[in-house]
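Terms are given their cut-offs where they come up.

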Amino acid sequence: MRIYLRKYRSSRPWTTLGYVAGMGHGSVVGPSSATSAEVDDAEGLAASLLTDAAARRRPRERRQAARLARLLADPVGRETILALTDEVLRIHDPERAARVYAELAANPTAGSGLGPLDRVAFRAGARLAPLLPGLVVPAVRARVLAEMAGVILPASPRRLHRHIERRRAGRMQLNVNFLGEAVLGEAEAERRLAQIVAALADPQIDYVSVKISAICSQLDVLAFDIEVERIASRLRRLYAAAGATKLVNLDMEEYRDLELTTAVFQKVLDEDPYCSTHAGIVLQAYLPESAAVMEELCRWARQRRAGGGAAIKVRIVKGANLAMETVDAELHGWP
């Protein structure tokens, strides 16, 4: 299992680079009440954080970012890196992984987005992989993971704790996100849920992100009320594990999960045991519906806060599924 870490520089938990609703009794920062000066301040803060982050990059990090940007900007490069990470790295049998790697490299255009040395190593490795799978496949895995080392880390306790300690020394708060999206079966969903609960029991971890599609399998939006109840039973376990000192952030996956996620978020947090639970949710900026959902969350957060409940955190993200949603819509003939 590997984890994805989002980094936040802050001396105040839960409020950095986020949108906190219901901060004061009867008051809220939101689209319905924000002034132009507050919007300008928020944009200025975001710009200064980006500028500061860029200035702090070391030369090695700049080179790494440039290589990844070059790969992702090239359609063939994207296909190569996705095939390596989604196929070769996920296959545990070295011989089978070597065959897939060799088939990938057999395409004359594969690896075109790589630098000269990596392209030579890519081709040479593909020729040697079927002959020496136990030697070549681990080397390929190590090279790919080295390129992703800035954001993807092994979840072994020792290495994770060492990383967290270094970041905390720099006043960084980490949002820990276990890699892996929708699960296919309830056994896997239960295993994923148990991993997140165990992470929340770790005193070094105080902030996790989770998608409902990762802790409940085969979600059916047509059985909306039934699914809300099923997800709620899992979410209660996470909130109970988080207690009063840790934050569970409900992340977003597909468009179809938007209403389910917000409905179960409000349902559970309205229950007496979780009235004082400070929790977070993500909205994707590419969805037009997110604006209306934000308004509703602000209205609900004001009521919850006025009744003595805790504030909620809303994190606005670009949204990574627009390309997938566009293809899906075109296949079905949807506007």
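**From a surface patch to the core**

L135 lies in helix 6 (residues 133-147); helices here are DSSP runs of H or I with at least four residues, strands are runs of E with at least two, and both are numbered from the N terminus. At 60% relative accessibility, L135 counts as exposed. Exposed means over 50% relative accessible area, buried under 20%, and partly exposed in between, with a 1.4 Å probe and protein chains only. Together with L128, L131 and L132, L135 forms a nonpolar patch on the surface, and the four have about 420 Å² of accessible area together. Patch members have over 30% relative accessible area and no salt bridge; nonpolar side chains (Val, Leu, Ile, Met, Phe, Trp, Tyr) are joined within 5 Å, like charges within 9 Å. A salt bridge is a side-chain nitrogen of Lys or Arg within 4 Å of a carboxyl oxygen of Asp or Glu. Areas come from the Shrake-Rupley method with a 1.4 Å probe, and for residues only the protein chains shown count as cover.

The model is predicted: local features need pLDDT of at least 70 and side-chain atom pairs count only at pLDDT 80 or more, while totals for chains, interfaces and linings use all residues. Residues are numbered from 1 along each chain as its sequence is written, and side-chain values use heavy atoms, with hydrogens and water left out.

The protein chain has 13 helices and eight strands. Of its 335 residues, 42% count as buried. The accessible surface of the chain comes to about 17,900 Å², and carbon and sulfur atoms account for 60% of that. Among contacts (heavy atoms within 4.5 Å) between residues at least 6 apart in sequence, 75% join residues at least 24 apart.

In soluble globular proteins, nonpolar side chains tend to be buried together. A nonpolar core is taken here as a set of buried Ala, Val, Leu, Ile, Met, Phe, Trp, Tyr and Cys residues joined through side-chain atoms within 4.5 Å. The largest such core has 48 residues, of which L238, Y239, F265 and L297 touch the most other members. Helix 10 supplies the largest share of this core, seven residues. A second, separate core has 23 residues, including L84, A126, A129 and V136.

Helix 10 has 19 residues and reaches 26 Å between its first and last C-alpha, close to the 27 Å expected at 1.5 Å a residue; the expected span is 1.5 Å times one less than the number of residues. Leaving aside residues up to four places away in sequence, L238 touches L193, I196, V197, L200, V210, I215 and V248. After helix 10 comes G243, with a positive phi near 65 degrees.

Helix 11 (residues 257-269) is largely enclosed by the rest of the structure, because ten of its 13 residues are buried. Among them are L258, L260, F265 and L269. They pack against helix 9 (212-215), helix 10 (224-242), strand 6, strand 7 (279-284), helix 12 (289-306) and strand 8 (312-317). In helix 12, the buried residues include L297, W300, R304 and R305. The end C-alpha atoms of helix 12 are 26 Å apart, which agrees with the span its 18 residues should have at 1.5 Å a residue. G308 follows helix 12 and has a positive phi near 95 degrees.

Strand 6 (residues 247-251) holds N249, which is buried with a relative accessible area of 0%. Its contacts, not counting residues up to four places away in sequence, are Y207, V208, S209, V210, G280, I281, V282 and R315. R192, in helix 8, is also buried, at 6%.

Most residues other than glycine have a negative phi. R171 is not a glycine, yet has a positive phi of about 60 degrees. R171 sits in the loop between helix 7 (157-169) and strand 4 (172-178) and is partly exposed at 47% relative accessibility. Q218, also not a glycine, has a positive phi of about 55 degrees. Q218 is in the loop between helix 9 and helix 10 and counts as exposed at 54%.
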